[in-house]
Structures are given as structure tokens and as C-alpha cells.
Amino acid sequence: MAKYLVKRVFYMVITLFIIASMTFFLMKLIPGSPFANANKLGPAQLEIMNEKYGLDQPVPVQYVKYLGNLVQGDLGVAFQFGNTPVSDLLVNRLGPSLQLGLQAMIFGSIIGILLGVIAALRQNTWIDYGSTFLAVIGKAIPNFVFAGLLQFFFALKLGWFPVLFWKGPEYTVLPTIALSMFPLAIAARFMRTEMIEILSSDYITLAKAKGANFFEVAFKHALRNALIPVITVLGPLTASLMTGSLVVEEIFGIPGIGEQFVKSIAVNDYNVIMGTNLVYAALFVVIILIVDILYGVIDPRIRVAGGKK
Amino acid sequence: MAQNNEKIAAEKFAPAIIDSAKSEEINKPSLSFWQDSWMRVRKNKAAVASLVIMMFMIILAFLGPVISGKDSEAQNVTQNNLPPKVQGLENVSWLPFDGTKTLPNGKEVDYYKQKNVDEDEYYWFGTDALGRDLFTRVWEGTQVSLYIAFLAALIDLVVGVTYGAVSGYYGGRLDNTMQRIAEVLMGIPTLVVVILMILVLEPGIVSIAVAMSVTGWVGMSRVIRAQVLKLKEQEFILASRTLGNSNTKIISKHLLPNLAGVIIINTMFSIPNAIFFEAFLSFIGLGLQPPDASLGTLIDDGFKVLRLHPHEMIIPAIVISIIMVSFNMLADGLRDALDPKMRD
């Protein structure tokens, strides 16, 4: 296990290094000046600006400096907010994003798992078809379409929920539902197949034969084992939540990282775009690592070879 | 019962001839892999329905701009933001195709009269903020979205299959190195790479497809590699090698045909993914630039005026949802038919 861990962490570092380097060199390839008012500046002013931001040095020197800054958590400054450090900007906006992501993940997976279990227990009934249909819809309809429609019907037309902003629990309802559709769909589908397979296995028949009641069999014996493989989809789900949070935050005006990101794209604030991109990449890589380790800990069958405890 | 017994002729009770030579005769026509798969796809009603719907959407995407008789670029600001109006359906009161719109204060207004549009002028999906015909624009946008998706899927296919086949077939140190590279690429979230690439490349049809393929092919290559590892140990490959065939020929003649199933399944899943990602990029402002339009940019434009003119977002949203659902269902059906083991 320790060897495996070291290997995985090593890969994680390499991946992050590659993403950071790619970011740096692609930035260098972007045509044009990083200064918004470049054509109003004279050559002398440009020189001063270049010197101030270290752009007059050779690219390798800049690269090393950039990596050094990154390690220290310095992501540069955001031009659109009077040179506020990007890291400060992101830290202040982390709260709503995390809350939204967690809420969506928890809501989506609980409802999804329940739907999947019910569908498996009532195979080929209208409940089953209904939940399968919901899963297909949830997986197929783009989340920004879904979020837009939710906002239009439930906030604008019916007025049940606030339309915009992030000021209290009632503000979180629609964004959470919009973002949770994908985890819900994936969890429901996965759970259904997993449960159907487990319900036909011998130990379930035995439990039934011993006279355990229906709910005990379903929730005590089958559900526990069916839950193990669901952890494998947590990785892709995290990625989908990140993509989703960009648009959902933008649509509902939530002051999170995603909204900042979309706004920065609109005003071409490259430092913020790159910084956020790196934060997303780091988050993703770390979560994948945690998921993999969790999986090994929970399910002894797939404990890595050689990892005797 | 008794009456029935009398009608059966006595010669029908002759003993059957037992011939060991004929007992193993095959009396059903033998089915090739594809015939068998097609039979299984046909049994799946959802997959057949999605296939029909998908065909219908693709045909409409190409036919729509022609039958509307309008130009997608022609602006007519005096006739902007018109709601949908369709011949015949305009008299059905519960359908929203009568050219009227309910204002936020509850009043119903006939926009076509208000804007002095000719009696016999019909905009089936209404018009957008610049007075362009939305019907034409939606189907042209569908063409663009499908084009980007197919292009991205094709790049994924070519790169992924080649990489996976080479890595799996040659094995050893080469495989090891290639897999380590793939592993690192797998760890990079698509979103991050695509956004980086789009910032550097000018947003356009090809650059969006390329950006999506930078890491998109890894999934395909892994599936292909696993299949190749399994297949290359089988006897028919050994036979081919013994007969002196070159590696290239073995890969192309023997391995690839056997991989067709997984390739199709994977491609079918990557197409809706690409459609989604393109629309997503447009929505966050990194997609196609005007005058190019895709379903994503149409939804983005429509979203800005959602409150006043909901049809401008809802129509392209419905179109993209139908396409996504039908592609996903068909992909599921194909997976079950072509490779029942991959069911999850």
C-alpha cells in the first residue's frame, strides 16, 4: 500500500507539473501584449511595465520564477480588480463553490442511489422505467440548459425560489438541483445494475430463505455491497461538478470560483483564468487520488498486489 | 378431444429416421457478427426509436435551412424577437405557435400585428434579436454542432485506435512508456486543457474539435489496448504470424476488424460528449464567434433574453436535448448489442 501511495503521489506531482508548464508555455504563445492598454503606451512605458512584471527576462528564467511562485501559492495578480492577488480572489470565493458542490454531490448521490435501488427492486415496472428515463434525461440534457429552464420556470414564472444571488438556504435550492442532475443520473444507473446483480446472488437468496424481511435484505445485505463500486464513479463526477459549477454559478449569479472564471474569460484576464485553471486541475488530481485510496481501503478485493497489511 | 384424434392420418405416426450424419445439421442460416448485432439492436425499442429520431434530426439539419426559404444571416431589425408562428397550428389555442406572446403584466399581444409583419409571413421558430429567422439558424447551428462533434470523434478515433493498438500490440518497454504518458494525460481534466487550448488557438470549428481531442483520445486508446492485449494471444494471430504476415498487416487485417465493436461503442459515446462540450464552451464565452453559430451559441444568445423572449433559448435547448438523448440511448443500445459484456 505504501509503495502504491508513493507511486500515485509521484504521478500526481508529474501531472501537476505538466499542467503548470503547459499553462506557462501556452501563455507565452498567446499573441498580443498582456497589458490591456498596450497600444496607448510608448516604448519607454512598455519597457517599464515589462520590467515590473519580469517580462524582460529570458523565457527560461521567467519559467523558473513562475514555478517558484506557484509552489508558494502565488498565482499572479488579477488585472481586473486593481492587481489583487489571484490567490486572495479565489480564497474568498471558495466557500460558495464548495458548498454548492457538496450540496449537489450529497443530494444527487442520495436521490440517485435511492432511485437506483428502487428501480432494481421493482424491475420492469413503471417505477423502473421512470427512474431509467430520469437517468437518461439527467445524463443527456446539458446542465446549463437545465439550470436555465429551472430558473425560468421555478424562479421567474412561478416565483417559488429567488432568481439570483447567494444569500441564504432558499437561494441554494435551484442551483443545487441543477448541478445534482448529473451525479443523480450516474448514481441511479450504476446502482440499478449493481443491485440487480447482487439481488440474484446466493447470499441474498440465503437471507431470503432464512426469512429476513424484504427491507432488511434490500438495505442491510444488498445495498452495502452495491455501494462499493459506486465510489469508482466519484472521480468522473467531480470533474462534471467542476464543469457544471462554471455555468450554474454564472446562471444563478453565485459568487463562487466558477462565476469568477467565466467573468474573467469575458474580460480576458489571463492571470485569473490560468490561476483558476491550475486550482481546478490540482483539486481534480487530489480528489482522484483520494478516491483511488478510499476504494482500496473499503474493498479488500482490489487492494493493490503486494500490499499485505 | 375425441373428434380431433380421428382427423390425424395414420401415416403421420411413422418413426423418425435417426441419422447420425444429419443430427448436427445446422438448419438456421448462420449469422455474421453484424447481422447478429443488428438483430439485437432492433429488439431494443428505445435504440430503434432514437435511431429514427436521430436520422430525422440530421435530415432536418440539412433540409431545414432549404425549406425555410430564408437566409440565416439576413437581418431585419423591424421584425426582431418575433415569437413562433406556424401555418395551421396557429389556430390551435393551446399550442404556442400563434405568434402571440404574454407580457409579464399578463397581457397577450400579437407581435406579428404589432410589428406590421405580412399576414402570410411565417417564422416557424420566431426570430432573434436581429430579426434573423430562428428556424434557419437552429438547423444551421445543428449542422455546425454535429460537424464539430463528428470531427472531434474522428480525431479521437484515429489517434486513440492507433495509440492503443501500437501500445498493446508491441508491448514491452514501448507499451510501458506509452501507458505512463497516457496515465498522466488521464489525470488532466478535459475542462482545463480545452480552456487552455481555446485561449491559444482562435476559437473556430476546427480548433474547438482539436482542443477537445487533446486528451479525448486517451479513453479510446485504453479500451483498444486492453482488447489488443487479449486478442494478440489468440490462435488466429499466431497462425497469421506463422504464415509470415507483417505486424502492420496483422494489426490492420486481423486486429482492427475485431475491434470494430468497441470502436463504434466508444465513438458513439464521444459524439454526444463533444456536442455537450462545444455547447458548454459557447455558453461560457469560449465557443464560436459570430457570424458562426452553433446550438451552443444560440442557447447562449437566447439565455440573455430568456425573460422577455423565452422561445429564443427554449427552442435550441429542446433541439440539443433531443439530439443528446437520442445519441445517448442509441449508444447504450449499441453497447448492449455489440458487446454485452461491457454493460454496466
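I begin with A20(A), which sits in helix 1 of chain A. Helices here are DSSP runs of H or I with at least four residues, strands are runs of E with at least two, and both are numbered from the N terminus. What we are looking at is a predicted model, in which local features need pLDDT of at least 70 and side-chain atom pairs count only at pLDDT 80 or more, while totals for chains, interfaces and linings use all residues. Residues are numbered from 1 along each chain as its sequence is written, and chains are lettered from A and ligands numbered from 1 in the order in which they are written.

A20(A) is buried, because 20 other C-beta atoms lie within 10 Å. By definition, a residue is buried with 20 or more other C-beta atoms within 10 Å of its own, exposed with 12 or fewer, and partly exposed in between, the C-beta atoms being placed from the backbone. Leaving aside residues up to four places away in sequence, A20(A) touches L67(A), L70(A) and L278(A). Contact means that the C-beta atoms of two residues, placed from the backbone, lie within 7 Å. The C-alpha atoms of A20(A) and G275(A) are 9.6 Å apart, although 255 residues separate the two along the chain.

Let me turn to chain A as a whole. Chain A has twelve helices and two strands, and their order along the sequence is α-α-α-β-β-α-α-α-α-α-α-α-α-α. Of its 309 residues, 35% count as buried. Among contacts in chain A with a separation of 6 or more, 73% join residues 24 or more positions apart.

From the record, UniProt gives "transmembrane region" in an unreviewed entry for residues 9-30, 100-121, 133-153, 173-191, 226-248 and 278-298 of chain A. These positions follow the numbering used here, feature names are shortened, and annotations may be inferred rather than shown by experiment. In the model, residues 173-191 of chain A are 100% helix and 0% strand, with end C-alpha atoms 25 Å apart. Residues 133-153 of chain A are 90% helix and 0% strand, and here the end C-alpha atoms are 21 Å apart.

Next, the packing inside chain A. Helix 4 (residues 86-121) and helix 5 of chain A have axes that come within 8 Å and cross at roughly 145 degrees. Axes are lines fitted to C-alpha atoms, for helices over the stretch in contact, and angles run from 0 to 180 degrees between N-to-C directions. The crossing of helix 4 and helix 5 of chain A is left-handed, a term for a near helix turned anticlockwise from the far one by less than a right angle, with clockwise being right-handed. From helix 4 of chain A come L115(A), I118(A) and A119(A), and they meet I127(A), D128(A), S131(A), T132(A) and L134(A) of helix 5 of chain A. This contact has five nonpolar, two polar and one charged residues. Nonpolar covers Ala, Val, Leu, Ile, Met, Phe, Trp, Tyr, Cys and Pro; charged covers Asp, Glu, Lys and Arg; the others, Gly among them, are polar.

Which residues of helix 11 of chain A are buried? They are I257(A), G258(A), E259(A), Q260(A), F261(A), V262(A), S264(A) and I265(A). Since eight of the ten residues are buried, helix 11 of chain A is largely enclosed by the rest of the structure. The cover over these buried residues includes helix 4, helix 10 and helix 12 of chain A. Just after helix 11 of chain A, N268(A) has a positive phi of about 55 degrees.

Finally, the interface. How many residues of chain A are in contact with chain B? There are 39, and they meet 33 residues of chain B. Helix 1 of chain A gives the most to this side, with nine residues. By class, the chain A side has 31 nonpolar, six polar and two charged residues.

Helix 6 of chain A and helix 12 (residues 311-338) of chain B pack at about 140 degrees, with axes 10 Å apart. Helix 6 of chain A is therefore oblique to helix 12 of chain B; angles under 35 degrees count as roughly parallel, over 145 as roughly antiparallel, 65 to 115 as roughly perpendicular and the rest as oblique. This crossing is left-handed. V145(A), G148(A) and L149(A) make the contact with M313(B), A317(B), I320(B) and S321(B).
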